[in-house]
Amino acid sequence: MIFVVDFGSQTTHLLGRRIRELGVDTKIVQPDEILRYAQNDKDIKGVILSGGPSSVYSKGAPTIDPQIFDLKIPILGICYGLQLTTYLLGGKVVAGRKEYGPAKLKIENLKLKITNGLQETFVVWMSHGDEVVALPEGFKTLGSTGHVPFAFVEDSKRKIIGLQFHPEVEHTENGLRILKNFIVICQGSHPAQSEGSRDSSAIPQNDIIENIKTIVGDSYVIGAVSGGVDSTVAATLTAKAIGKRFIPIHVDNGLMREGTREHVVGIFKKIGARPIVVNAVGEMLKRLRKVTDSEKKRKIIGNFYIEIFERIRKKLLKKSLPVKFLLQGTIYSDVIESQGSKYASRIKSHHNVGGLPKNMKLKLLEPLRNFYKDEVREIGRRLDIDEDLVNRQPFPGPGYAVRIRGEVTKKRLEQEKKADEVVIHELEKAGILDNVFLSFPVMTGAYSTAVKGDGRHFGEVVALRVVQSKDIMTSTWAKLPYEVLQKISSRIVNEIPGISRVVYDITTKPPATMEWE
Ligand code: XMP
């Protein structure tokens with residue numbers, strides 16, 4: 001077993017997933033627990049020190065007992081894990097040149113166990129503010145980037161390896177190979193799985209169904225269904241577990257894409273359930289009036305949903321249907337961004353996690369809480385959910401509200417919807433829509449000058465965001481053909497009154513999240 005020490009990285013849980021995919025068991029532990037495990041647990045074969053948002057030299061920064069470095073257990077420090085190792089062993093860490101996103105790594109020695117099978121140069125993903133500027137005694141540099149001289153380091157005697165970049169994220173090339181090499185060092189043998197092959201039986205949908213049965217007992221469950229893949233997979237699993245005691249509910253809040261209501265009804269017809277559809281279009285806009293802060297928007301929307309579900313719970317109770325649970329299609333990326341672990345930062349409060357009221361009567365049922373988007377899609381396929389739906393682009397629960405910077409007015413909502421239709425239509429026509437992870441326009445709240453028919457026009461700037469990702473933790477911007485970009489821009493500016501300009505967002509995640517809010 002490899003132990004992963006959680007210093008609050010957005011990707012600690014993902015690290016655990018990657019190690020499991022390579023056929024090795026993992027356990028995520030807190031910094032103050034690791035020495036005890038290392039001294040007493042016979043199963044421990046290696047330790048990974050995760051990244052995290054802290055600075056090693058800050059007051060109260062999470063740390064570990066340095067005795068661990070003398071136990072001859074292989075240790076892999078990633079980002080903060082490398083910086084902490086350096087700091088504790090006598091090297092130097094400073095507030096460096098901040099670096100988020102892709103960088104080119106050059107490996108100096110390809111003949112070592114940890115560099116086995118790597119190319120000489122490849123792209124790695126960074127996400128750090130601090131930097132190692134002096135290595136502790138015994139360490140050697142194995143690789144560097146243009147910005148970071150100590151990007152890949154090793155103390156071969158003590159079996160300590162350090163990486164400033166993140167091998168666990170989808171967009172780091174050779175990341176799995178490095179983790180596999182570390183496992184080989186830990187085991188002194190080859191890992192059970194080959195690089196990149198995943199053990200699909202590791203996604204236990206039968207266990208999920210059994211678990212739902214145990215949790216729910218003989219009570220009823222209402223489920224929030226949006227027509228997206230997460231809530232549909234969660235609903236299908238729950239329907240399989242408890243049959244008619246599961247009642248799907250769709251809240252039409254006017255912030256979703258045109259046709260969503262009909263789409264949801266169609267999906268559930270196939271499952272053999274008829275969702276209760278609640279029309280909340282007018283009330284939703286009323287509650288968002290004058291609200292400009294994105295965290296506030298999410299809280300208002302999350303709270304409003306719960307209010308509706310609570311009302312339905314009471315109605316069903318009068319019909320002698322005791323509803324105790326609210327099913328949500330929450331997945332792991334929602335959880336970690338909403339501050340899902342002790343030392344993690346809150347990036348944004350996803351409406352279904354951090355946006356919920358504290359005094360809810362309904363208990364949450366979230367069978368997909370520990371899974372990533374690509375895993376949820378895989379479960380969906382195995383449940384025979386249509387491929388079209390399984391591959392459908394995600395759409396955030398708060399819908400267009402988080403794609404309109406500032407106040408959501410009726411006028412701006414209409415503009416956003418029209419721009420979205422243009423984007424979808426043009427990407428579909430070019431055969432691109434199904435090949436990108438997410439595509440949408442943003443009403444930016446910025447204004448600029450245009451000349452329309454010889455007259456001055458001062459209108460809003462629309463940003464186009466099209467990204468590629470599998471598990472949501474990192475993403476790149478899609479390299480769309482210029483002709484498609486031109487067509488989208490011309491159509492939006494010409495066809496939608498009040499829009500002066502279209503810009504294309506070319507920022508990776510990290511640093512930028514996919515949505516603008
Ligand atoms: P970010 O912007 O966090 O987006 O990189 C990651 C994924 O999450 C979706 N998203 C949300 N989904 N409630 C949701 O149900 C939310 O509050 C929320 N915020 C972002 C986003 O569309 C993308 O798929």
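Colleague: Taking helices (H or I, at least four residues) and strands (E, at least two) as DSSP runs numbered from the N terminus, where is the place of lysine 159?

Modeller: This is a predicted model, and in it lysine 159 is found in the loop between β8 (152-155) and β9 (160-163). Its phi is near 55°, which is a positive value in a residue other than glycine.

Colleague: OK, how is the protein divided into domains?

Modeller: There is domain 1, covering 2-198, then domain 2, covering 201-390, and domain 3, covering 403-504.

Colleague: And how many residues of domain 1 and domain 3 are in contact?

Modeller: On the domain 1 side 9 residues take part, and they are in contact with 8 residues of domain 3. The C-alpha centres of domain 1 and domain 3 are 39 Å apart.

Colleague: Switching to sheets, in what order do the 5 strands of the open sheet come?

Modeller: The order is β12-β11-β10-β13-β14, and the pairing is parallel. β12 (276-279) and β14 (363-365) each have a single partner strand and stand at the edges, so one side of each has no neighbour in the sheet. From one strand to the next, the twist averages 30°.

Colleague: Over how many bridges do β13 and β14 pair?

Modeller: Strand β13, residues 323-327, pairs with β14 over 3 bridges in the parallel sense, and leucine 327 stands opposite leucine 365, which is in β14.

Colleague: Which strands does helix α7 lie across?

Modeller: Helix α7, made of residues 260-271, lies across β11 (246-252) and β12, and it runs at about 170° to β11.

Colleague: What about helices α6 and α11, at what angle do their axes cross?

Modeller: The axes of helix α6 (residues 229-242) and helix α11 (residues 373-382) cross at roughly 45° and come within 10 Å. The crossing of α6 past α11 is left-handed.

Colleague: Which residues make that contact?

Modeller: From α6 they are Val229, Asp230, Val233 and Leu237, while α11 brings Lys373, Val376, Arg377, Ile379 and Gly380. Sorted by class, the contact of α6 with α11 has 5 nonpolar, 1 polar and 3 charged residues.

Colleague: Now α13 and α14, are they roughly parallel or antiparallel to each other?

Modeller: The axes of helix α13 (residues 410-429) and helix α14 (residues 482-495) come within 10 Å and cross at roughly 150°. Angles over 145 count as roughly antiparallel, and α13 and α14 are therefore roughly antiparallel to each other. Here α13 passes α14 in a right-handed crossing.

Colleague: And which residues are in the contact of α13 and α14?

Modeller: On α13 the contact is made by Ala419, Val422, Val423, His425, Glu426, Leu427 and Lys429, and on α14 by Val484, Lys487, Ile488, Arg491, Ile492 and Glu495. By class, the contact of α13 with α14 has 7 nonpolar, 1 polar and 5 charged residues.

Colleague: Last topic, which residue does a cis peptide bond join to proline 510?

Modeller: Lysine 509 is joined to proline 510 by a cis peptide bond, with omega at about -10°, and another cis peptide bond joins proline 510 and proline 511, with omega at about 5°.

Colleague: In which segment does proline 510 lie?

Modeller: Proline 510 lies in the segment after β18 (499-504), and proline 511 is likewise placed in the segment after β18.

Note on methods. Residues are numbered from 1 along each chain as its sequence is written. This is a predicted model: local features need pLDDT of at least 70, side-chain atom pairs count only at pLDDT 80 or more; totals for chains, interfaces and linings use all residues. Side-chain values use heavy atoms; hydrogens and water are left out. Two strands pair if DSSP finds at least two bridges between them. Axes are lines fitted to C-alpha atoms, for helices over the stretch in contact, and angles run from 0 to 180 degrees between N-to-C directions. Contact means heavy atoms within 4.5 Å. A crossing is left-handed if the near helix is turned anticlockwise from the far one by less than a right angle, and right-handed if clockwise. Ala, Val, Leu, Ile, Met, Phe, Trp, Tyr, Cys and Pro count as nonpolar, Asp, Glu, Lys and Arg as charged, and the others, Gly among them, as polar. Domain bounds come from an automatic or database domain assignment. Angles under 35 degrees count as roughly parallel, over 145 as roughly antiparallel, 65 to 115 as roughly perpendicular and the rest as oblique.
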